[in-house]
Amino acid sequence: MASVQMTICLPLVVFVIMLIIQAGAFYHAQQVAKMAADRAVAVARTEYGAADLGQTQAEHVLKVVGDGSLTDARVKVTRTVGEVTVAISAHAPHFVPLWPATIAVSSTGPVERFDEGSSHG
């Protein structure tokens, strides 16, 4: 009787453990992508920033912090007169069937402007 219980329970326990590991790997990859997008916005939104500086920053963060947890990452930085938007899509580690393999994050921020100021008083 015990061997029948082990035959049924052991695969379920292993699958639950794999689900927990998959969730952790997916969450980590999503957080790395979000951090890269936020850092890219922070660099590109400065007064003298540019979209290519944000692109470089995002790629650097994905390489250093991600350390291979994201593959086929695509970074798109858009800087308009008043706003910077960074969108990142990538493939996350995937080893549980039916788990989403692609993550997509974005971050937006206003472009900083120097205001000479007016008379306050």
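What separates aspartate 38 and lysine 34 in helix 1? Keep that in mind as you open this predicted model and follow the stops below.

**Stop 1: a pair on helix 1**

Select aspartate 38 and lysine 34. Their side chains form a salt bridge, with N and O 3.6 Å apart. The two residues are 4 residues apart in helix 1, so about one helical turn separates them. Aspartate 38 has a relative accessible area of 34%, so it counts as partly exposed. Lysine 34, at 30%, is partly exposed too.

**Stop 2: across to strand 3**

Is serine 107 buried or exposed? With 8% relative accessibility, serine 107 is buried. Show its surroundings as well: leaving aside neighbours within four places in sequence, serine 107 is in contact with residues including Lys34, Ala37, Val41, Val84 and Val86.

**Stop 3: the largest nonpolar core**

Next, select Leu62, Leu70, Val75, Val84, Val86, Ile88 and Ile103. Of the 23 residues in the largest nonpolar core, these touch the most other members. At least two residues of this core come from each of helix 1, helix 2 (51-64), strand 1 (71-79), strand 2 (83-91) and strand 3. Helix 1 gives the largest share, 9 residues. In soluble globular proteins, nonpolar side chains tend to be buried together.

Zoom in on isoleucine 88. Not counting residues up to four places away in sequence, isoleucine 88 touches, among others, Ala33, Ala36 and Ala37, as well as Leu62, Val75 and Ile103.

**Stop 4**

For another, select glutamate 112 and arginine 45, whose closest N and O atoms are 3.2 Å apart. Glutamate 112 lies in the segment after strand 3 and arginine 45 in the loop between helix 1 and helix 2, so this pair ties together parts that are 67 residues apart in sequence. Glutamate 112 is partly exposed at 37% relative accessibility, and arginine 45 is partly exposed at 23%.

Then select aspartate 72 and arginine 74, which meet in a salt bridge at 3.1 Å, N to O. Aspartate 72 is partly exposed at 41%, while arginine 74 counts as exposed at 51%.

**Stop 5**

Finish with Met6, Leu10, Val13, Val14, Ile17, Met18, Ile21 and Phe95. Together they make a nonpolar surface patch of about 700 Å². One of them, valine 13, lies in helix 1 (residues 2-44) and is partly exposed at 45% relative accessibility.

Methods: Residues numbered from 1 in each chain as written. Predicted model: local features only at pLDDT ≥ 70, side-chain atom pairs only at ≥ 80, totals over all residues. Heavy atoms only, no water. Patch = residues over 30% accessible without salt bridge, like charges linked within 9 Å, V, L, I, M, F, W, Y side chains within 5 Å. Areas by Shrake-Rupley, 256 points an atom, 1.4 Å probe, with all protein chains shown as cover. Salt bridge = Lys/Arg side-chain N within 4 Å of Asp/Glu carboxyl O. Buried < 20%, exposed > 50% of the residue type's maximum accessible area, 1.4 Å probe, protein only. Contact = heavy atoms within 4.5 Å. Core = buried A, V, L, I, M, F, W, Y, C linked by side-chain atoms within 4.5 Å.
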